[in-house]
Amino acid sequence: MLNFYRTMPHAPRRLALCLSLALLALPGLANDKFARDHSEFEAALHVPFLASDVSNGAAAEARQFTLHFDYPRVAREQAVLWRVDLLSPRGQVLQQWYGIESLQQKAAQVTIAWSGRIKQTSLPDGLYQVRLHARAVDATEVSQRAAVPDAMVASMLAAQPDQVMTQTWPMQLGRPSNTRMPAFNALPSAQNSANSGSSANSLAVPATGSFPYTIYMGNLHSQSNHSDGGGNLATCTSSLPAQSGSFGPADAYAYAAGKGLDFLMVSEHNHYFDGSSSTNASANATTAKNLYQSGLSAAASFNSTHPNFLALYGMEWGVISNGGHLNIFGSKELLGWEYNSSNQLLGDTFVAKGDYAALYTLMRQRGWIGQFNHPADSGQFKFGTTDFGYSADGDQVMTMCEVMDTDAFSHNVTETETVLMNYESGCNKILEAG
């Protein structure tokens with residue numbers, strides 16, 4: 001069973017994760033290794049769970065849906081084809097909106113004003129869903145077609161379902177009946193003592209409403225200057241060359257603990273330890289391996305002086321294009337697939353790029369666990385030729401799935417970020433695969 005978590009839109013992610021995604025004019029996306037491995041279309045949907053304006057009466061509950069689109073490092077103008085569905089508590093489609101949005105060197109935003117019960121007075125109280133489907137295509141594909149816009153969007157979304165991003169968010173109307181929950185005893189939540197260093201008060205608390213959880217505030221997916229993160233929060237807005245950032249793992253842990261987080265995982269891209277986003281043939285294999293070991297040491301050192309904070313260090317393995325990113329927890333070995341000019345592996349242990357079957361087997365042998373990061377609905381984590389293909393080894397080691405993350409370049413440190421990417425549908429695909 002997968003343990004879902006939410007990556008909180010919290011300041012430490014900004015410090016640790018200014019990703020090196022340059023918005024540069026490129027001769028072609030396919031010719032750039034970094035772009036192939038790290039660039040992807042992003043679609044986010046913001047839906048207020050509760051209506052904030054009840055000036056027309058509480059029964060109206062009108063609100064605004066916000067669509068956010070971005071495609072870092074894409075070379076040519078894109079046309080974003082999108083559809084938004086409003087679903088009833090029983091999953092019936094109540095209303096649909098279609099659109100086409102131009103996208104190239106900066107993010108685009110679309111707003112939909114929903115009238116709530118003003119025009120649909122018969123809508124009952126309950127939990128509704130707002131669902132976004134979006135796909136980016138070369139702008140010339142749209143300009144060469146002549147059709148009714150809504151029909152064209154529907155047709156092009158249906159034609160390539162594996163290229164469609166899906167985002168779904170809940171929305172409450174009225175006062176749905178409460179769900180009965182059993183009694184439970186929460187796990188302990190440590191409060192920081194005087195000897196806990198610079199850590200702020202712990203944010204760990206029992207869940208409210210008798211839910212059987214203890215809530216810990218933290219982040220299980222971030223990067224420092226050991227790979228492509230570690231940018232200065234005040235100035236980092238785009239690309240950081242590999243290992244060029246200002247801040248390393250120790251800085252990230254101190255910042256996270258100082259903001260009251262209970263844990264932080266610094267998950268460095270495994271193929272950046274050679275100091276390059278592409279293969280660095282002149283890289284020193286020992287230097288690459290030692291850098292990984294220094295990250296493990298930084299986490300251990302921070303933990304020894306901050307007993308109420310958990311510093312984690314590991315790697316984000318894989319690439320996006322024809323692959324899929326996943327975090328590996330507990331590994332003392334750097335896994336790699338690249339070699340230098342002396343035929344030395346730029347890592348401790350070889351695992352072929354994209355070979356998830358071999359990776360899962362190795363993880364099970366070593367006793368490591370993993371987390372699927374920002375999974376797409378299809379085209380990733382292949383076992384043989386099957387997307388999300390079942391592996392008995394993978395079933396034992398892949399214990400988590402990233403349900404949400406935030407805009408990598410946001411400078412918002414107040415936890416009010418609204419550009420949030422939801423990967424629940426991808427996580428559901430993984431569950432369905434066993």
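A: Ring pairs join W317, W337, Y356, Y360, F372, F381 and F388 into a cluster, where rings of Phe, Tyr and Trp (its six-membered ring) pair if their centres lie within 6.5 Å, with planes under 30 degrees apart counted as stacked, over 60 as edge-to-face and the rest as tilted. The model is predicted, so local features need pLDDT of at least 70 and side-chain atom pairs pLDDT 80 or more, while totals for chains, interfaces and linings use all residues. Residues are numbered from 1 along each chain as its sequence is written, and side-chain values use heavy atoms, leaving out hydrogens and water.

Q: How many aromatic pairs does the structure hold?
A: The structure holds 15 aromatic pairs. F273 and Y292 form an edge-to-face one, at 5.6 Å centre to centre and 70 degrees between the planes. Because F273 lies in the loop between β12 (263-269) and α6 (285-305) and Y292 in helix α6, this pair ties together parts 19 residues apart in sequence; helices (H or I, at least four residues) and strands (E, at least two) are DSSP runs, numbered from the N terminus.

Q: Is F273 buried or exposed?
A: Buried means under 20% relative accessible area, exposed over 50% and partly exposed in between (1.4 Å probe, protein chains only); F273 is buried at 4%, and Y292 is buried at 0%.

Q: In which sense do β17 and β18 pair?
A: Two strands pair if DSSP finds at least two bridges between them; β17 (residues 369-372) and β18 pair in the parallel sense over three bridges, and G370 stands opposite M398 in β18.
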